[in-house]
Amino acid sequence: MSAGEEKRGALVQVQVAALTKAGAKSLAARGRADLRLREEAEEWLKKGVEFYRQRQFDDAFRCFEVGIQLNSNLPEIQFMLGLSFDEGFVRPRNNATARAWYRKAAEQGLKEAQYNLGLLYYGWDDGPGLLQNYEQAAIWFRMAAEQGYEKAQWRLSFLLGLGLVVPQNHAEVRKAAEQGNSYAQRNLGDLYRDGQGVHQDYVQAAFWYRKAAEQGHADAQLNLGASYFYGEGVPQDYAEAAVWWRKAAELGHVEAQYTLGVIYSAGDGVPQDYEQAAFWYRKAAELGDSNAKAALATMRRAESTPVFLNGGQPNSHPHAELKNPANTITSEVHMKDQIDNPQVSIKPEEDVRLPILEARIEREWRQYRSGYVKSLQKSGQLQKQVRATALRCVQVLHDAENRGLNPDQGRELIQPLIHPQWDSS
Amino acid sequence: MNSEIVRHLSPEEKELARKRQELAILQAELTDRELVLANLRAELAAFEGHYLREVGVLYAELDDWNAKIAELVSEAEGSEEAKSAAAEARGQAEESYAAAHGEAAKAADFSPSPELKKLFREVVKQIHPDNASDEADRAVRNRLMAEANLAYRRGGEDALRRILEEYKSSPESVKGDSVGADLVRVLRQINRIVKRLAQIEAEAAELASSEIALLMAKVETATAGGRNLLAEMKQDVLRRIDLARNEYEDQSSKMRQR
């Protein structure tokens, strides 16, 4: 490299340095100019909020419009514009426009916007552009809740508790339950009962059912009653089961009303009382429960049947046999019918004790193949299949009991009955 | 009384003593002012580096997207106007890139230790060119002072010590002359220091009113109020980059459809 070139090189370097210096200066100037615009936008926001508070909505909206022109990124202005279209105080209400503005602010982490966006997806309001999506609602409620926004946590708990959204993890449901959301408490109880995502733990299940039941949650009362009835997680106590079922029944819970009818006719935990049984069956039947209707029909028939037509048994009220299920289901041939052709409607006599058995068998099922049962529940096939299999299983269990086997051995015996059906579908 | 051993100072000597006193005061002030200026320069350079690395690079990225969009438009329209707009946008993007990734952006954070400050003060006091006795001395001091400024900026305590040593051992620092010559030298020194003080004031004022200093003041005020302004600016530009990127993708997918 000659001296001349070296010199020229140095000169170019000096020029680049000067340019960089000027560039750095202009970058600084740009930063300051943007800051000024931002400050002005913040001023307009302040003015707009003031107008909004004074219910001068037109003026408020104009301020927000000017502000967003100066700086399109201010989340608070985006939120206020979203609110304008959400509440419709200036422009006609428009969920889609509100959603777009809220989303901009929500993505920047403004928890109020996240919550309101969640509410829009929650879809409890009407208006054009409504788009109900519980999963989306949960996503935004979750974000707001993570920032300590209590209202959002509460809404999220509600969605989780009702099973409208799938919980992200077990801890999420637990948190909602611990915050006292009865829906989440019942949900958590179910998870423990079925061992979904946690180790199966009936004591925990009963604990959370009780929390929710004490808050007057009818589903939880039904489940807590079942816990007492089967002695799952609590000492077996038919009377206590009846207490909780009655509470749920009085709250209008159809299943609980029907179940209460069943225990009154069986005299489990309550004095046997056909009048009471009929009363609760009628309640459930009025709400359209087909099992209750069938039970009522059976009771009527039994009452109108002369004693001599009933195999000469003096106390042949169908429900009187409940205490010894082996009496109700004796014919192997008859049972076969049920299994081979589950579509065949089940005779009311057998129907009476079904809910309790169903619950029991269903739980056995879930324990082994929860995924399959879930899909069955969704497709609505569960009831038919459960009934047929339940009757068969109960018979096998009782046979086993009569042969002096313990419940575990009995459970093993029913496995072959349960598995083929799962595997075939 | 032994009056004859009392030496009466000549008017020249009296003047020299007075001027030496004046010079000493000015030298102390000069040291202070040089230190203030050096700190201001270093702080601004450090802030500028920080700003360029945090926000400047984002502006450069934003400009790049804007240039890409302008180029797409120019490709689609083909008009002279669109072409020159694209060229201008590209030029802007290149300038921003050079600035955001240039030497200024490499400036490290500046937080001098008390020891470093003390050392630098000593260097200024000893070596300041305006305290030079003659032109040769002045040349040496100029060189050493430039090195010292750089060393201070980079926090090099050892380098500052070496500079002090080098000056003390150099023959130029040896002084001694007649009263008349001393007086002339002192007067010249006073003159130089007064000029330098004025220069320092001018430079400090210019620095304080520069864009980067105004920005720094704003950021510092916000920090005192609990706000992280740089982070906010960053968010703002990032968001604009997102929008520009989306626009570019929209435009280019439209182009492909044609």
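Modeller: The following describes the contact between the two chains. This is a predicted model, in which local features need pLDDT of at least 70, side-chain atom pairs count only at pLDDT 80 or more, and totals for chains, interfaces and linings use all residues. Residues are numbered from 1 along each chain as its sequence is written, chains are lettered from A in the order in which they are written, and side-chain values use heavy atoms, with hydrogens and water left out.

Chain B brings 28 residues to the contact and chain A brings 24, contact meaning heavy atoms within 4.5 Å. About 2,300 Å² is buried between the chains, with carbon and sulfur atoms giving 53%; buried area is the accessible area (1.4 Å probe) that two parts lose on being put together, summed over both. Of the area that chain B buries against chain A, Glu211(B), Lys218(B) and Arg239(B) supply 28%, more than any other three residues.

Seven salt bridges are counted between the chains, each a side-chain nitrogen of Lys or Arg within 4 Å of a carboxyl oxygen of Asp or Glu. On the side of chain B that touches chain A, the residues divide into 13 nonpolar, four polar and 11 charged; Ala, Val, Leu, Ile, Met, Phe, Trp, Tyr, Cys and Pro count as nonpolar, Asp, Glu, Lys and Arg as charged, and the others, Gly among them, as polar.
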